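Reader: I should like to go through the assignments made for this model one by one. For each, please set the value against the criterion that was applied.

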Amino acid sequence: MRRNRVALLPPALNHSYAEFTTLQQANGEMAVVYGLGAIKGVSEKAMEAIIATREAGGKFASLNDFVERVDVSNLNRKQMEMLAAAGAFAELEPNPAIVFNGADALMSAAALATEQRESGQVGLFGEGANEANPLQLPVSLWTNVERSLLEKEAFGFYLSQHPTTRFRHIIKGLGCLSYNEICRLDFPSGGDRLATRLAATVEEVKPRLSKNNFKIFNLLLSDQSGQFFASCFDEVVGTMLGQQASAND
């Protein structure tokens, strides 16, 4: 999608559906809206129930409004946390850490509101008191690294900001290219090699033995342009770890 310059919008409780959908942006260009049901650890059935509530009573005005109206029968704390990590609550609470760390309190409030609603009692916050008596949730903050890692857990990839973004000035100063830029290079004919530099995050390492009994590492890497695979021999990894140890000393 990035290579085709198609925008991928993050999931939002007031705009997303269970599956991926398309949306025409203000500039006239089309974008893909991330589906709530595609977030890791989230039940599609629970997301469809939230969407049905939204369509029946309008968009959620606040966290209070959300917990008073949502059906908790298919929802649990883990799903609330993953929705927060994915940024789905951004319109209701800009700080996802507050929702993530307050997931238990939100679930308890939603369960009580459901019980009162089914019994015909007055709403949890009193009629028309959603904004006057907001939920009291602990104030929390995430570092950029924590936010990126939880976003990775929710999506399986980094959607808003890749970890290498923090080092963009250093990366640029070292003359590193992105994986996408390397793929567009004109390689020499005749099988000659082209030396270049790349900065990436190591996401997964799988060792294996070659036919000659050499240890090889298959790597899953990523940078701002996407994920890609690479391989290296044991001595390369040993050299890199040695250089890292020397730098730490």
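Reader: What makes the pairing of Glu153 with Lys78 a salt bridge?

Author: A salt bridge requires a side-chain nitrogen of Lys or Arg within 4 Å of a carboxyl oxygen of Asp or Glu. In this predicted model, the closest N and O atoms of Glu153 and Lys78 are 3.1 Å apart, and the pair therefore qualifies. Helices here are DSSP runs of H or I with at least four residues, strands are runs of E with at least two, and both are numbered from the N terminus.

Reader: Why are Glu153 and Lys78 called partly exposed?

Author: Buried means under 20% relative accessible area, exposed means over 50%, and partly exposed is in between (1.4 Å probe, protein chains only). Glu153 has 37% relative accessibility and therefore counts as partly exposed. Lys78, at 38%, also counts as partly exposed.

Reader: What is known of the salt bridge between Arg77 and Glu81, and how are the two residues placed in the helix?

Author: The side chains of Arg77 and Glu81 meet at 2.6 Å, N to O. They are 4 residues apart in helix α3, which means that about one helical turn separates them. An α-helix has 3.6 residues a turn, so residues three or four places apart point the same way. Arg77 is partly exposed because its relative accessibility is 37%, whereas Glu81 is buried because its relative accessible area is 10%. Arg77 and Glu81 also belong to a network of salt bridges with Asp104.

Reader: What is found at the start of α3 and just after it?

Author: At the start of α3, a side-chain oxygen of Asn76 comes to within 3.2 Å of the backbone nitrogen of Lys78. Just after α3, Gly87 adopts a positive phi of about 85 degrees.

Reader: How do you know that the length of α6 agrees with its number of residues?

Author: The expected span of a helix is 1.5 Å times one less than its number of residues. The 12 residues of α6 should therefore span 16 Å, and the end C-alpha atoms are 16 Å apart, which agrees. The buried residues of α6 are Ser148, Leu150, Glu151, Ala154 and Phe155, and what covers them includes α3 and α4. Just after α6, Gly156 takes a positive phi of about 90 degrees.

Reader: Why is His162 called buried, and what does it touch?

Author: His162 is in the loop between α6 and α7, and its relative accessibility of 6% makes it count as buried. Contact is defined by heavy atoms within 4.5 Å. Apart from neighbours within four places in sequence, His162 is in contact with Thr201, Ser222, Asp223 and Gln224. A polar contact of 2.9 Å joins the side chains of His162 and Thr164. The term polar contact denotes a pair of N or O atoms within 3.5 Å; within protein, one must be able to donate a hydrogen and the other to accept it, and residues adjacent in sequence count only if both atoms are side-chain atoms.

Reader: How many salt bridges does the structure hold, and how many helices and strands does the protein chain have?

Author: The structure holds 6 salt bridges, and the protein chain has 9 helices and 6 strands. Of the 249 residues in the protein chain, 38% are buried.

Key
Residues are numbered from 1 along each chain as its sequence is written. This is a predicted model: local features need pLDDT of at least 70, side-chain atom pairs count only at pLDDT 80 or more; totals for chains, interfaces and linings use all residues. Side-chain values use heavy atoms; hydrogens and water are left out.
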